[in-house]
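Student: Could we go through this structure together, one topic at a time? I would like to begin with the terms.

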Amino acid sequence: MPHQKAATMIDTPSWTAFTGTDRLITAPLGEVALAVKRALAARPDATILIYDDRTGRAIDLDLRGAEAEISTRYGAPPVAPPAAEPEPRGRGRPRLGVVAREVTLLPRHWDWLSAQQGGASVALRRLVEEARGKGGDRQRRRAAQDAAYHFMSSMAGDLPGFEEAIRALYAADRATFAARMESWPPDIRAHAMKLADV
């Protein structure tokens with residue numbers, strides 16, 4: 001399964017509300033809260049479930065009060081902490097974002113690092129970036145699979161082909177994953193595929 005969309009889903013927080021099997025909205029939490037409040041005002045007997053798209057888990061919202069209160073509760077940007085006193089200039093290159101910290105290694109590790117072109121700091125930065133690149137895609141893919149699994153377990157656990165779809169999800173078998181969900185309600189199927197990044 002491709003991995004690029006998963007990074008977007010995780011990096012850009014969004015929530016999705018469902019009324020029954022129909023998707024009501026996918027948006028930032030403040031917008032979702034207001035849409036759910038309005039939908040419940042129009043149909044007080046409606047069952048609406050809200051999911052955090054980063055995890056696929058259902059969440060509860062406090063929808064008491066007027067829309068302005070709800071908007072403040074869920075839509076206001078976080079207040080920035082007061083500016084900290086500037087720290088005394090230390091080692092490193094703070095203008096570039098470089099921070100000096102202690103690293104404890106065995107002598108043979110220091111010997112190897114010292115022999116690398118650019119020295120120990122350059123070699124360590126390169127090793128970290130390589131490890132992030134290799135593990136990053138795998139971590140994003142697993143997070144996307146887990147989010148899809150949690151959502152599907154909640155919304156589609158009783159639907160035909162659920163277990164086969166989950167197996168295909170974790171096997172990264174896109175064709176089988178889509179085929180096992182073919183008979184599912186369209187919005188549930190589409191959202192599962194979006195979370196799974198297919």
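Tutor: A helix here is a DSSP run of H or I that covers at least four residues, and helices are numbered from the N terminus. Please also keep in mind that this is a predicted model.

Student: Which residue just after α8 takes a positive phi?

Tutor: That residue is Asp197, with a phi of about 70°.

Student: And which residues of helix α8 are buried?

Tutor: Helix α8 covers residues 186–196, and its buried residues are Ile188, Arg189, His191, Ala192, Met193, Leu195 and Ala196. To judge such a list, recall that an α-helix has 3.6 residues a turn, so residues three or four places apart point the same way.

Student: Which elements give two or more residues to the largest nonpolar core?

Tutor: That core has 20 residues, and those touching the most other members are Phe151, Met152, Leu169, Phe177, Met181, Trp184 and Ile188. The elements that give two or more residues to this core are α5 (119–156), α6 (162–170) and α8. A second, separate core has 17 residues, including Trp15, Leu34, Val36 and Leu61.

Student: Let us change topic. In what order do the four strands of the open sheet come?

Tutor: The order is β2-β1-β3-β4, with antiparallel pairing. At the edges are β2 (22–27) and β4, each of which pairs on one side only. Neighbouring strands of the sheet are turned by 35° against each other on average, with direction ignored.

Student: What holds strands together in general?

Tutor: Strands of a sheet pair through backbone hydrogen bonds, either parallel or antiparallel.

Student: How many bridges join β1 to β2, then?

Tutor: Five bridges join β1 to β2, and these strands run antiparallel.

Student: Which residue of β4 does Tyr51 stand opposite?

Tutor: Tyr51 stands opposite Ala58. Three bridges join β3 to β4 (residues 57–59), and the two run antiparallel. They form a hairpin with four residues between them, where Gly56 in the turn has a positive phi of about 75°.

Student: Why is β1 described as largely enclosed by the rest of the structure?

Tutor: Five of the five residues of β1 are buried, so the strand is largely enclosed by the rest of the structure. Trp15, Ala17 and Thr19 point one way, Thr16 and Phe18 point the other way, and all are buried. In general, side chains of a regular strand alternate between the two faces of the sheet. Strand β3 (residues 48–52) is also largely enclosed, because four of its five residues are buried.

Student: Which strands does helix α2 lie across?

Tutor: Helix α2 (residues 29–42) lies across β1, β2, β3 and β4, and it runs at about 145° to β2.

Student: One last topic: how many salt bridges does the structure hold?

Tutor: It holds five. The general idea is that side chains of opposite charge can pair when their charged atoms come close. One of the salt bridges joins Asp52 and Arg54, whose closest N and O atoms are 3.1 Å apart.

Student: Is Asp52 buried or exposed?

Tutor: Asp52 counts as buried because its relative accessibility is 10%, and the cut-off for buried is under 20%. Arg54, at 32%, counts as partly exposed.

Student: Which residues are linked in a network of salt bridges?

Tutor: Asp62, Arg64 and Arg73 are linked in such a network. Arg64 meets Asp62 at 2.6 Å, N to O, whereas the closest N and O atoms of Arg73 and Asp62 are 3.7 Å apart.

Student: How do Arg64, Asp62 and Arg73 count, buried or exposed or in between?

Tutor: Arg64 counts as exposed at 61% relative accessibility. Asp62 counts as partly exposed at 22%, and Arg73 counts as partly exposed at 35%.

Key:
Residues are numbered from 1 along each chain as its sequence is written. This is a predicted model: local features need pLDDT of at least 70, side-chain atom pairs count only at pLDDT 80 or more; totals for chains, interfaces and linings use all residues. Side-chain values use heavy atoms; hydrogens and water are left out. Buried means under 20% relative accessible area, exposed over 50%, partly exposed in between (1.4 Å probe, protein chains only). Two strands pair if DSSP finds at least two bridges between them. A salt bridge is a side-chain nitrogen of Lys or Arg within 4 Å of a carboxyl oxygen of Asp or Glu. Axes are lines fitted to C-alpha atoms, for helices over the stretch in contact, and angles run from 0 to 180 degrees between N-to-C directions. Contact means heavy atoms within 4.5 Å. A nonpolar core is a set of buried Ala, Val, Leu, Ile, Met, Phe, Trp, Tyr and Cys residues joined through side-chain atoms within 4.5 Å.
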